[in-house]
Structure formats: structure tokens, C-alpha cells
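This briefing goes through one protein model topic by topic. Have the sequence and the structure open while reading.

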Amino acid sequence: MSAAALSSRAFTLRMIGGARYISRADWDALARRGYHRHAWFVAAEKCGAEPRHVGVYDGAELVAVIPAYIERETLHGDLHARLYGPARGLAAAMGGGLRPSLAIGAPMSTGSDPLGAIAVLTEDVVDHAMQLLEDEARAEHVKAIVWPFIGEDMSVIRAVARRRGYRESFANSEAVIDVAWSSPEEYLASRSKNVRRTLRNELAWVHDQGIRVTWEADLRPHVDTFDALYRASYVSRNSRVAHLAPQFFAELASQQSPGVRVQCAWHGSKLLEMAVALDGGGALDLCLSAQSDETRNGFLYQHCLCYDPIRAAIAGGLTRIHLGPSALYPKVVRGARLQSRLTLVRGTTPAARAALRVVSPLTDVRNRAKHRRLLGKLNSTNTGS
């Protein structure tokens, strides 16, 4: 359907009480990312996530979803912590706190992508959706509304947000691999000499150590193992306890959903590394990764970071892998490109709006400087891609 036809079409928008009120088939048909899977949303909501999704309907048919949640303090750090950084305690004490907020995006994800065809999200539709979300924010007495990680290419959403008074700042870059190879061997051949040597060393080490890397589709037998490794790894990395609900892996396993797997590295019966692997809309997302202390940042970590997901994506006919915003350097030299994301935020109270007038530009400067340093490191390296 043409853009002109879409813009003249009368869509109906309404709040959705939670993913469980929509059938898995109807929801998953709109998935554009792995973390758009119905099972991911349902598991998070059963574990306490507070949904405020906006559904876009063409007659009786659901054609798009703008996912949103009340964010109090999440697994990845909430808006208040992300924007204020080390000054978050002082800002809260001075009345400039941004907690709680209404965050647009899938639960426990690093993206604010809507579900469904982007062409459906015309300026009128986005404007209406933002009005519904702002009404919800006021009703819930949250202090800010945020699209934490919106793609630079989301021009319609950005334009409507600016008109409505949202402040825009650079958030980060995500590593994305476009899977253009027909086999792992073709992928290896496409890399530079130095990168090929590194990848072959990783493969040899994994083989020589007797490590098996599997992609578990039935999570139920391993729930306790996944939970234990994830929590231990989180404490080791962050020196604090994970906020993940204690029953999350059990709830996710109970969904028995296609497109929901866990990448596992085993030495005998011991789980050394893991990452939840979600695929949808031809894209693969890896999240909730964990490593044992004995393999952290070593050959196994590097193997599971890029080569093994590429192998699995080729086998599964997937065309894109979203590898997230961390460890960008090794991902880029192994074939990833960087995709910039922005934060759109609007305060709902006078104090929050005043705080954002100051902190949003400072956050933009800080994050862009960090990004330039990363690009400088990449550009000065002669390893190639």
C-alpha cells in the first residue's frame, strides 16, 4: 500500500492491557526483532512488568504495537540513572528525579522499535499514540516519558516527538551484522587475514577444550542452571544483585515458544556461558548473556559473541543479528556495522522538565564524545573487516 493511501486511512488506536490479551499468532506476525516475541512480553509481564502498550488497528486487525512499560528501576538501569550518571543521587535529592518513567520499548531490551510495518506509523498515528501515552503517564503520576533507544532512521517518530516537546540526545550505537553469507566458511573467507586467524584460533580452542555449543529450544530442563549462571555472572560484572525476577527463566521456559532459545556453551554438564537468543521478523537478538569467571572475555566468549551466532543465523535463514551496544570493538572487526540510536524524553512535571533542559544536552555531548573515541579507535586499526 502506498504512503498516500496509508496516510488517508483511518486507523483506530487503543491501549492494550498486556500481551496476553493478544493471541501469540497475531502478535508474532508483527515482530520485527527477536525481542518482539509474544513469549518474551508475556514472561516479563507475568514477572511484574507493567505494560502500557498502544495498539494500532485497521478495522478489527491489529497492524502495529508501540510497546511501553512503567519503568521504576529496571535490569538495564532506568532513565534517571542513565541520564544523570554519577550525579543521580544528588539530582534526586534536589527534586530533579526522573523515576518512575514511562519507557517505550520491549521489556529488558535495548531498543524502542515498534512492532508492525513502519509505514503504518504515519505522523497522525504517532501523534495520537504519543497523546495516549502521555495521558497514561499523567494518570500514573510518572515523571518522564522516554523512547530510550530509537533509531536515527525513525524520522517520523522523531519529528512528531520534537513537535510535542521531547528532547533528543545521542544514546549509543548498536552492533548489527547483516548476514550476507551462505555458509560459515564463506563468512570466514570474507574476513581479513588477521581476523581469520583469530576466528580459527577460537574454533580450535573450543574444540580442543571439549566444549559443546548448543542452542537449546526446550528451556525447561535447564531453568535452574540458567538462573544460577546469570545471577552469578551479573554479580561478578556489576558488583550488585540482578533485578531479574526470580521466576523469569521458568516463565520464559513455560511459554515453549518458537523463536525463543538459549545459546549454551557446555563443558560436560557444566554450563560455562549462555545468552538468550530470540528471533523474529528475520532478525536475531541476543540478551541476558552470562559467562563463568573461568571463561570470561576469553576465546569462548569471543566465539559465542559473533561466529557462533552467525553460524546459527545462516542455518536458520535469518538475515540480521542485533548484538547490542556493548563490546563494540570485537564485533565490528568481525563484521558488524554500527547503528546509532537516540533518546527522546519529555518531563511530565515542572521539576523534571527543568532538569531535562539541563541534563539532556549534557548527556548528548557526553555520549557523542564517547562515540567519537570509539570510532577513532576503530579507524586507527588496520585489522580490516
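**Helix H7 and its surroundings**

In helix H7, which covers residues 155–163, the buried residues include Ile157, Arg158, Ala159, Val160 and Ala161. The model is a predicted one. The buried residues of H7 pack against H6, E8, E9 and strand E15 (337–347). Just after H7, Gly165 has a positive phi of about 95°.

**Nonpolar cores**

- The largest nonpolar core contains 44 residues, and Trp40, Phe248, Phe249 and Val276 have the most contacts inside it.
- At least two residues of this core come from each of helix H3 (38–46), strand E4 (61–66), helix H10 (223–238), helix H11 (248–255), strand E11 (260–267), strand E12 (270–280) and strand E13 (283–291).
- H3 gives the largest share of this core, 6 residues.
- Apart from this core lies another one of 32 residues, among them Leu13, Leu121, Met130 and Ala161.
- Leaving out residues up to four places away in sequence, Phe248 touches Trp40, Ala43, Ala44, Cys47, Met108 and Leu288.

**The sheet of 4 strands**

- An open sheet is formed by 4 strands in the order E1-E3-E4-E7, with antiparallel pairing.
- Strand E1 (12–16) and strand E7 (115–116) are the edge strands, each pairing on one side only.
- E4 and E7 pair in the antiparallel sense over 2 bridges, and Val65 stands opposite Leu115 in E7.
- Helix H6 (residues 123–140) packs on this sheet and touches E1, strand E3 (53–58) and E4. The direction of H6 makes about 30° with that of E1.

**The sheet of 11 strands**

- Another open sheet has 11 strands in the order E2-E5-E6-E8-E15-E9-E14-E13-E12-E11-E10, and its pairing is mixed.
- Its edge strands are strand E2 (50–51) and strand E10 (211–216), each of which pairs on one side only.
- Strand E6 (residues 101–104) pairs with strand E8 (residues 144–151) in the parallel sense over 3 bridges. Ala103 stands opposite Val146 in E8.
- H10 packs on the sheet, where it touches E11, E12 and E13, and its direction makes about 70° with that of E13.
- Helix H12 (residues 299–316) also packs on the sheet, touching E9, E10, E11, E12, E13 and strand E14 (320–324). The direction of H12 makes about 50° with that of E10.

**Pairs of packed helices**

- Two packed helices are described by the angle between their axes and the distance between the axes.
- H3 and H11 pack at an angle of about 140°, and their axes are 9 Å apart. The two helices, H3 and H11, are therefore oblique to each other.
- The crossing of H3 and H11 is right-handed.
- On the H3 side the contacts come from Ala39, Trp40, Val42, Ala43, Ala44 and Lys46, which meet Phe248, Glu251, Leu252 and Gln255 in H11.
- Helix H9 (residues 193–208) and H12 pack at about 115°, with axes 9 Å apart, and their crossing is left-handed.
- Leu199, Asn201, Glu202, Leu203, Trp205 and Val206 in H9 meet Phe299, Leu300, Gln302, His303 and Tyr307 in H12.

- Arg167 is found in strand E9 (residues 167–178).
- Arg167 and Val345 are 178 residues apart along the chain, and their C-alpha atoms are separated by 5.3 Å.
- Besides Val345, Arg167 touches Thr343, Leu344, Leu356, Arg357 and Ser360, not counting residues up to four places away in sequence.
- Arg167 counts as partly exposed because its relative accessibility is 33%, a value between the limits of 20% for buried and 50% for exposed.

**Backbone details**

- The peptide bond from Arg99 to Pro100 is cis, with omega near 0°. Pro100 lies in the loop between helix H5 (88–93) and E6.
- Leu288 has a positive phi of about 50° although it is not a glycine. Leu288 is placed in strand E13.
- Is Leu288 buried or exposed? Leu288 is buried, because its relative accessible area is 6%, and buried means under 20%.
- Ala327, a residue other than glycine, also has a positive phi, near 50°. Ala327 sits in the loop between E14 and helix H13 (328–333).
- With a relative accessible area of 28%, Ala327 is partly exposed.

Terms used. Residues numbered from 1 in each chain as written. Predicted model: local features only at pLDDT ≥ 70, side-chain atom pairs only at ≥ 80, totals over all residues. Heavy atoms only, no water. Core = buried A, V, L, I, M, F, W, Y, C linked by side-chain atoms within 4.5 Å. Buried < 20%, exposed > 50% of the residue type's maximum accessible area, 1.4 Å probe, protein only. Contact = heavy atoms within 4.5 Å. Pairing = 2+ DSSP bridges. Axes fitted to C-alpha atoms, helices over the stretch in contact; angles between N-to-C directions. Parallel < 35°, antiparallel > 145°, perpendicular 65-115°, else oblique. Left-handed = near helix turned anticlockwise from the far one by under 90°.
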